[in-house]
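Please examine the model shown below before reading on.

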Amino acid sequence: MPLSVQVSERQKPDGLPATVIKLEGSLDSTTSPQANQQLAPTLAGGSNFVEIDLAGLTWISSAGLGVLIHVSKTLAARGAQCFITNAQPQIQKVFEIVQAAKGMSLFSSTKELDDYLEAIQRKMTGEG
Amino acid sequence: MSAIGFRELREGSIEKFWRFRSRLDDLARVQEEIEAFCAAHHVPVEALYDVRTALDEVLSNIIRHGYREAEGQIALKARVSAEKLLLEVRDQAPPFNPLEFPEPDLLMDVGNRPPGNMGIYIVRRLMDGVEYTYESGENRLRLERRLKSPLASPGGASAKGESET
């Protein structure tokens with residue numbers, strides 16, 4: 001199964017832009033090189049907030065995990081935030097097996113992520 | 001690649017064989033064949049997800065580390081019955097027992113772990129049985145995934161490793 005990589009922007013609850021990377025299909029040994037290539041511009045760009053939306057991702061293997069880890073680490077190294085959302089059950093299963101939550105920020109949905117961001121913002125502005 | 005055999009066994013299971021080159025584009029086509037085979041024989045989709053991931057790990061290991069990107073042949077047999085799906089992968093790369101490799105340190109940050117080891121660990125967690133042998137100049141890896149039983153949650157394969165030369 002091929003991989004589709006779509007990059008777009010959305011607005012976060014605080015009004016600031018977020019880059020959204022949608023990965024659809026399969027992220028495995030055969031598609032990981034393509035993923036790395038297609039994600040390079042985003043990694044090199046200036047976005048400080050990246051959401052990787054896995055709602056349409058059906059398969060993942062350790063090669064695909066390597067891509068996600070590489071993206072997370074590269075963004076963290078330049079002070080940007082990276083969140084992974086909407087993983088389907090079979091993808092979550094692999095995340096749990098390798099304890100991916102140790103080192104990557106995983107949220108079950110974009111809404112859960114936005115709720116988290118709003119809570120952080122309320123704390124910072126003293127409203128929480 | 002070619003599907004070189006298909007047979008219905010007396011005990012009610014179906015077997016199919018493929019032989020293909022150790023190349024990533026053949027790996028992609030093998031995955032499509034396995035998906036079609038599983039769909040045709042009513043393998044539950046959860047098992048198919050696990051099998052597909054496990055095969056990606058096993059086959060990519062053979063291509064990268066076994067044959068080290070050189071041209072080689074890989075044979076795959078899939079046997080499905082109502083109770084289980086058996087996969088056997090054979091290659092002629094130098095002897096390589098993936099079960100000998102240590103498990104990844106799951107306490108470490110996923111980004112800081114040494115590379116490697118994650119793939120086979122995933123296979124052992126997704127499959128109900130993993131066995132390795134080296135026979136007649138071939139690495140042989142057998143994967144078993146139970147298809148029936150509400151208790152069949154793949155929480156750990158009973159891994160056996162034997163080397164015979």
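In chain A, strand 2 and strand 4 (residues 57–60) run parallel and are paired over three bridges; helices (H or I, at least four residues) and strands (E, at least two) are DSSP runs, numbered from the N terminus, and two strands pair if DSSP finds at least two bridges between them. Within strand 4 of chain A, A:Ile60 is the bridge partner of A:Leu27. This is a predicted model, in which local features need pLDDT of at least 70, side-chain atom pairs count only at pLDDT 80 or more, and totals for chains, interfaces and linings use all residues. Residues are numbered from 1 along each chain as its sequence is written, while chains are lettered from A and ligands numbered from 1 in the order in which they are written.

Strand 2 of chain A (residues 17–27) also pairs with strand 1 of chain A (residues 3–11), in the antiparallel sense and over nine bridges. Here A:Arg10 stands opposite A:Ala18. The hairpin of these two strands has five residues between them, and A:Gly15 takes a positive phi near 90 degrees there.

A further partner of strand 2 of chain A is strand 3 of chain A (residues 49–53), parallel to it and joined by four bridges. In this pairing A:Val20 stands opposite A:Glu51.

Where do the chains meet? In all, 19 residues of chain B are in contact with 21 residues of chain A, contact meaning that the C-beta atoms, placed from the backbone, lie within 7 Å. Helix 2 of chain B gives the largest share of the side of chain B that touches chain A, seven residues.

Terms used
Two residues are in contact if their C-beta atoms, placed from the backbone, lie within 7 Å.
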